Amino acid sequence: MRTYAELPGLMTVMTGDEKHGPSATSTLDVLWVLYDQVLRVSPDRLDDPGRDRFLLSKGHGPAAYYAVLAAKGFIPESWLAGFGSAGSRLGYHPDRNLVPGVEIASGSLGHGLPIGVGLAHGLIARGLVTPRVFVLVGDAELDEGSNNEAIVYAGAVGLPNLVVIAVDNRSSSYGWGPGGIEAHFSVSGWSAARVPGRDHAALSSALSASGSGPQLVVASVEGKS
Amino acid sequence: MSDMRTVFAETASALLDEDPLAAVVLAEISADLFAKAAARHPERVLNVGIREQLMVSVGGGLALAGLRPIVHTYAPFLVERAFEQVKLDLAHQGARAVLVSIGASYDAASSGRTHQAPEDVALMDTVPGFSVVVPGHPDEVPELLRSAVGALDSRSTYVRLSSEANRSALPVRPGLQVVRSGREAVVVAVGPMLSPVLDAVGDLDVTVAYTTSVRPFDGEGLRALASSPESAVVLVEPYLAGTSAFAVSSALARRAHRLLSLGVGRSELRRYGTPSYHAALHGLDATGIRRSVLSFLDMERAS
């Protein structure tokens with residue numbers, strides 16, 4: 001198993017025409033903390049119904065995601081070279097049908113959270129009360145109205161196994177006004193916290209907390225520009 | 001007699017009782033019909049409010065959790081409003097669901113364009129992995145729905161319900177079934193178009209074949225039937241005209257043939273009224289179908 005310090009090296013293997021460098025690194029620490037300390041997942045239980053589900057909704061700039069999946073043994077490191085090329089399973093947006101451990105195919109924004117709502121419902125309906133559903137979104141991704149449908153509904157029905165991590169690099173053109181993203185969720189009944197997005201201890205603590213309803217963790221990172 | 005929508009709700013409710021993995025996702029529409037089922041199975045009957053994008057995405061999420069979701073609302077809101085969710089959150093994920101619509105092309109003639117979706121089958125036809133079934137009678141709905149849910153291990157299905165129905169039900173078969181035989185042409189009647197087709201061609205020397213299964217299209221069955229001198233085929237579909245034309249063309253690609261595609265026209269009528277009035281405006285009543293068939297077969301003299 002690789003360490004956090006080795007992730008940049010894995011990312012540099014992924015040469016190619018990746019255009020979303022800043023948004024890729026914005027998620028690096030969140031992804032590492034999730035896979036290193038929070039998620040109950042491993043390469044030998046890919047189909048275990050009781051595993052946690054991590055949904056990378058913001059599919060853009062997935063280099064950090066692939067690096068973490070390689071570091072944790074979900075995919076061979078040899079896959080990293082050739083990222084985005086014709087023979088590669090690793091595209092500029094990840095596909096669950098091509099990459100072990102990837103729970104959704106993403107790319108078009110605003111799909112992960114609504115799918116996560118259904119997944120959280122489905123786990124409960126199957127009596128699987130332990131696994132949790134984590135959805136990573138970007139702050140600008142929340143522009144998409146489909147998220148609003150999910151936020152209001154999930155808050156109203158109180159899904160306790162749903163966690164949204166919003167990586168906030170202030171890239172939404174119009175922002176979220178006073179109170180930020182968290183106000184937008186908490187008014188719908190979510191618990192909400194904001195932590196420094198590079199602080200592993202703070203991320204781990206916030207992401208490991210359980211609650212009676214859906215939870216939002218906003219991870220602040222430096223702006224894109 | 002119950003209408004298709006009522007029979008659908010009864011059948012889906014029974015499936016919820018029988019199958020612990022069956023689930024129903026709604027966006028207010030028909031929620032009243034599922035009230036009893038929701039009381040029995042609150043974790044598997046989900047009404048997400050007036051949120052059609054979420055409704056389809058939740059269906060995808062349920063499927064990823066291992067459930068067998070039935071997702072239901074009015075046709076334009078199910079297929080058109082949430083189309084990217086159908087494309088990505090179901091098909092692209094490899095998550096399967098049964099989508100059940102009501103409203104069809106102009107069941108809601110008096111409600112206007114917003115509630116009409118004659119394009120639905122053409123759109124669903126672009127989504128890989130979807131079967132499309134169009135019942136012609138309420139009594140055909142239970143078996144078609146049960147088959148669709150039973151096939152979820154391999155395929156998703158779009159089930160298109162309508163308030164329009166044939167006078168009587170036929171046995172549910174996977175492909176074309178011959179209702180009457182003739183020599184001049186094969187007339188394929190889809191779903192509720194069978195009764196008007198039979199009324200239109202009653203005295204003509206044509207085969208009438210009925211189908212509730214539109215995708216996959218029964219090309220082999222059509223090849224076996226289209227044996228008239230010119231392999232003349234008339235396709236009568238209760239949605240956008242020509243929706244299945246490519247399937248007929250593909251089935252008959254290796255032989256010279258002629259095809260007339262009847263269905264709902266592309267122009268917006270901006271008329272209210274009744275479904276039968278709209279059928280007449282689109283040439284889909286018996287009179288209009290007869291006029292088109294006679295012209296196509298150069299049989300005006302027979303009229």
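Predicted model: local features only at pLDDT ≥ 70, side-chain atom pairs only at ≥ 80, totals over all residues.
The buried residues of helix α6 of chain A are covered from several sides: by α5 (112-125), β3 (162-168) and α7 (180-186) of chain A, among others, and also by α3 (52-64) of chain B. Which residues of α6(A) are the buried ones? They are A:S146, A:N147, A:E149, A:A150, A:I151, A:Y153, A:A154 and A:G155.

The helix itself covers residues 145-157 of chain A. Its 13 residues, at 1.5 Å a residue, should span 18 Å, and the C-alpha atoms at its ends are 19 Å apart, which agrees.

Chain A contains eight helices and five strands. Along the sequence they follow the pattern α-α-α-β-α-α-β-α-β-α-β-α-β. The radius of gyration of chain A is 16 Å, close to the 17 Å that the globule rule gives for 225 residues, so the chain is as compact as a globular protein of that length. The C-alpha trace of chain A spans about 45 × 45 × 30 Å along its principal axes. Buried residues account for 48% of the 225 residues of chain A. Of the contacts in chain A with a separation of 6 or more, 77% join residues 24 or more positions apart.

One residue illustrates such a link across the sequence. A:S171 sits in the loop between β3 and α7 of chain A. A:G138 is 33 residues from A:S171 along the chain, and their C-alpha atoms are separated by 8.4 Å.

I turn to chain B. This chain has twelve helices and twelve strands. For its 303 residues, a compact globule would have a radius of gyration near 19 Å, and chain B has 19 Å, which agrees. Its C-alpha trace spans about 60 × 40 × 35 Å along the principal axes. In chain B, 54% of the 303 residues are buried. Residues 24 or more positions apart make up 72% of its contacts with a separation of 6 or more.

Chain B is assigned two domains: domain 1 (4-160) and domain 2 (177-302). The centres of these two domains, taken over C-alpha atoms, are 27 Å apart. The contact between them takes 23 residues from domain 1 and 22 residues from domain 2. On the domain 1 side, α6 (120-124) and β5 (130-133) of chain B are the elements that give two or more residues. The largest share of that side, four residues, comes from β5(B). By type, the residues of the domain 1 side divide into twelve nonpolar, five polar and six charged.

B:L144 lies in helix α7 (residues 141-150) of chain B. This leucine is buried, with 23 other C-beta atoms within 10 Å. Beyond its neighbours up to four places away in sequence, B:L144 touches B:V133, B:P135, B:V159, B:V172 and B:T212. By contrast, the C-alpha atoms of B:L144 and B:A256, 112 residues apart along the chain, are separated by 34 Å.

How do the two chains meet? In their contact, 25 residues of chain B touch 23 residues of chain A. From chain B, α3 and α5 (83-92) each supply at least two residues to this side. The largest share, nine residues, comes from α3(B); α3 of chain B is also among the elements covering the buried residues of α6(A). The chain B side divides into ten nonpolar, ten polar and five charged residues.

Finally, the nonpolar core. The largest one has 169 residues, and those with the most contacts inside it are A:Y66, A:I165, B:V187, B:V188 and B:V236. Helix α4 (residues 63-71) of chain A gives the most to this core, with nine residues. Both domain 1 and domain 2 of chain B give residues to the core, so it lies between them. Which residues does B:V236 contact, leaving aside its neighbours within four places in sequence? They are B:V187, B:V188, B:A189, B:V190, B:M193, B:V197, B:L262 and B:I289.

Key. Residues numbered from 1 in each chain as written. Chains lettered and ligands numbered in written order. Expected span 1.5 Å × (residues − 1). Buried ≥ 20, exposed ≤ 12 C-beta atoms within 10 Å, placed from the backbone. Contact = placed C-beta atoms within 7 Å. Nonpolar A, V, L, I, M, F, W, Y, C, P; charged D, E, K, R; others polar. Core = buried A, V, L, I, M, F, W, Y, C linked by C-beta atoms within 7 Å. Domains from an automatic or database assignment. Rg over C-alpha atoms; globule rule 2.2 N^0.38 Å.
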